[in-house]
Amino acid sequence: MPAPHDAHGAPLVAAGARCERYHARIVRPVSGPDIENGTVVVEGERISYVGVRAAAPPGNDVELGDVILGPGLVNAHTHLDLTALRGRFEGLTFFAWIRALTAARAALSPEQLLDSARDGIREGLRAGITTFADTAPNDAPFAAMIELGVRGIAYRELFGPDPAQCDAAMAGLRETMAAMRSRETPLVSCGVSPHAPYSVSDELFSAVALFANEERLPLATHVAESIDESRLVADGDGEFAAFLRGRGIAVASRGRTPIEMLERNGVLGAHALLIHCVRCDDSDIATILKHRCGVATCPVSNSTLGHGSARVQAMVLENVRLGVGTDSMASNVRMDVLAESRIALGARTTERTAWELATLGGARALGLDHVIGTLQVGKQADLAAFPNGADPGAPSRASFVAVAGRAVDLRT
Ligand SMILES: [Zn+2]
């Protein structure tokens with residue numbers, strides 16, 4: 001597949017003029033009420049005006065038409081490199097699914113992983129997603145996000161259920177992160193991701209958390225997803241426990257719950273993004289709040305894999321920093337954050353609340369709400385417009401997207 005650059009080597013995102021006036025039937029700032037016949041003015045990469053069209057300062061007019069124009073959506077958890085594996089593992093138990101997935105990913109070449117990540121980003125852009133929080137054990141999503149000009153955090157994933165692997169895993173991580181940090185851009189930064197309680201020892205969780213704090217790197221981890229994970233942590237029992245014992249790894253109780261285990265290992269803090277959090281009781285939610293962790297809920301993936309539903313209403317009520325993720329296309333059918341938000345919040349939610357979770361919610365979960373997530377003067381001009389009156393049950397299709405003030409060509 002040819003790289004999506006234009007003749008001058010610029011990425012997919014086209015260069016925009018210095019001052020654009022985007023006019024829309026409805027502007028939805030999320031930070032305040034909707035604005036009928038509204039305008040968002042963008043100077044360079046930032047928003048310089050949000051309000052009624054009649055009072056907008058001068059600039060180049062862009063008529064977006066009968067649309068709702070809001071902040072770009074935030075996908076708070078995905079695995080872009082797995083986009084090519086969509087639909088490959090239907091009907092498997094979680095344990096069988098994760099083993100099949102790991103083997104299938106290992107069979108993909110670096111070029112295939114990169115193409116897969118590019119396809120995931122393009123799919124996300126068409127659904128209005130401008131920020132991707134990705135976890136991967138390879139370079140593909142990081143490289144693809146930089147190449148295609150989107151915003152994101154590339155959390156480098158690492159594994160190591162055997163405490164004896166800890167030192168080697170950390171040496172590899174230090175080397176990898178030094179190389180990744182030298183390639184960070186204003187839009188794409190990097191972080192670390194110890195994978196999950198069943199694939200990471202207490203020793204490795206502690207070491208990665210210490211490293212992340214020292215290096216001021218954001219951290220993401222899958223946690224409290226499946227019943228077998230909870231059984232492994234609480235009782236040293238279940239399918240993961242049997243698998244680890246079969247590999248000669250000692251298994252014992254590691255805490256009352258996976259969240260408590262992470263707290264004991266120093267993983268929790270404002271820099272931590274907790275992915276899934278399906279199996280959280282009131283005490284776990286209190287712990288998440290105490291440490292001001294971000295949470296990414298992935299309702300379709302959780303349903304597909306039979307894990308149940310996260311306690312989204314309780315987390316919203318408690319003001320947890322909550323965003324929505326699609327997870328990978330190996331456990332989902334499409335990358336559609338707006339649809340995920342509606343599912344996460346339930347049938348009685350309003351469209352505005354679903355938009356807030358998909359935008360500001362994700363930005364808060366990632367610690368980026370001072371930069372993106374609402375349409376406010378001074379924030380980055382990440383924008384997405386959708387046809388006004390579109391069926392909320394149909395796939396979300398953005399009619400216009402911009403990242404940091406640059407309009408995206410959605411035809412590619
Ligand atoms: Zn995941």
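## How helices α2 and α3 cross

Let's start with two helices that meet: α2 passes α3 in a right-handed crossing. A crossing is called right-handed if the near helix is turned clockwise from the far one by less than a right angle, and left-handed if anticlockwise. This is a predicted model, in which local features need pLDDT of at least 70, side-chain atom pairs count only at pLDDT 80 or more, and totals for chains, interfaces and linings use all residues. Residues are numbered from 1 along each chain as its sequence is written, and side-chain values use heavy atoms, with hydrogens and water left out.

Two packed helices are described by the angle between their axes and the distance between the axes. Helix α2 covers residues 110-126 and helix α3 covers residues 140-148; they pack at about 50 degrees with axes 8 Å apart. That angle makes α2 oblique to α3. (Under 35 degrees counts as roughly parallel, over 145 as roughly antiparallel, 65 to 115 as roughly perpendicular, and the rest as oblique.) The axes are lines fitted to C-alpha atoms, for helices over the stretch in contact, and angles run from 0 to 180 degrees between N-to-C directions. Helices (H or I, at least four residues) and strands (E, at least two) are DSSP runs, numbered from the N terminus.

On the α2 side, the contact is made by L113, L114, A117, R118, I121 and R122, and α3 brings A140, P141, A143, A144, M145, E147 and L148. Contact here means heavy atoms within 4.5 Å. By class, these residues divide into 10 nonpolar, no polar and three charged. Ala, Val, Leu, Ile, Met, Phe, Trp, Tyr, Cys and Pro count as nonpolar, Asp, Glu, Lys and Arg as charged, and the others, Gly among them, as polar.

## Two further helix pairs

Helix α12 (residues 337-345) packs with helix α13 (residues 351-365) at an angle of about 115 degrees, their axes 8 Å apart. The crossing of α12 and α13 is right-handed. From α12, V337, L338, S341, R342, A344 and L345 meet E351, T353, A354, W355, L357 and A358 of α13. This contact has eight nonpolar, two polar and two charged residues.

Next come helix α6 (residues 227-235) and α7, whose axes come within 7 Å and cross at roughly 60 degrees. That makes α6 oblique to α7. In α6, D228, E229 and L232 meet E239, F240, A241 and L244 in α7. Their contact has four nonpolar, no polar and three charged residues.

## An open sheet of seven strands

Now for the strands. Seven of them form an open sheet with mixed pairing, in the order β3-β2-β1-β4-β13-β14-β15. At the edges stand β3 (46-52) and β15 (406-407), each with a single partner strand, so one side of each has no neighbour in the sheet. Two strands pair if DSSP finds at least two bridges between them.

Strand β1 (residues 19-27) and strand β4 (residues 60-71) run parallel and are joined by seven bridges.

## Strand β9, enclosed on both faces

Is strand β9 (residues 219-223) buried or exposed? Five of its five residues are buried, so β9 is largely enclosed by the rest of the structure. Buried means under 20% relative accessible area, exposed over 50%, and partly exposed in between, with a 1.4 Å probe and protein chains only.

In a regular strand the side chains alternate between the two faces of the sheet. In β9, L219, T221 and V223 lie on one side and A220 and H222 on the other, and all are buried. β9 pairs with strand β10 (residues 272-276) in the parallel sense over five bridges, and L219 stands opposite A272 in β10.

## Some individual residues

R151 is found in strand β7 (residues 151-158) and counts as buried at 5% relative accessibility. Beyond its neighbours within four places in sequence, R151 has contacts that include T130, F132, M145, D382 and A404. A404 sits in the loop between β14 (400-403) and β15; at 11% relative accessibility, A404 is buried too. A404 has a positive phi of about 50 degrees, although it is not a glycine.

R216 is another non-glycine residue with a positive phi, of about 55 degrees. The place of R216 is the loop between α5 (202-215) and β9, and R216 is exposed, with a relative accessible area of 76%.
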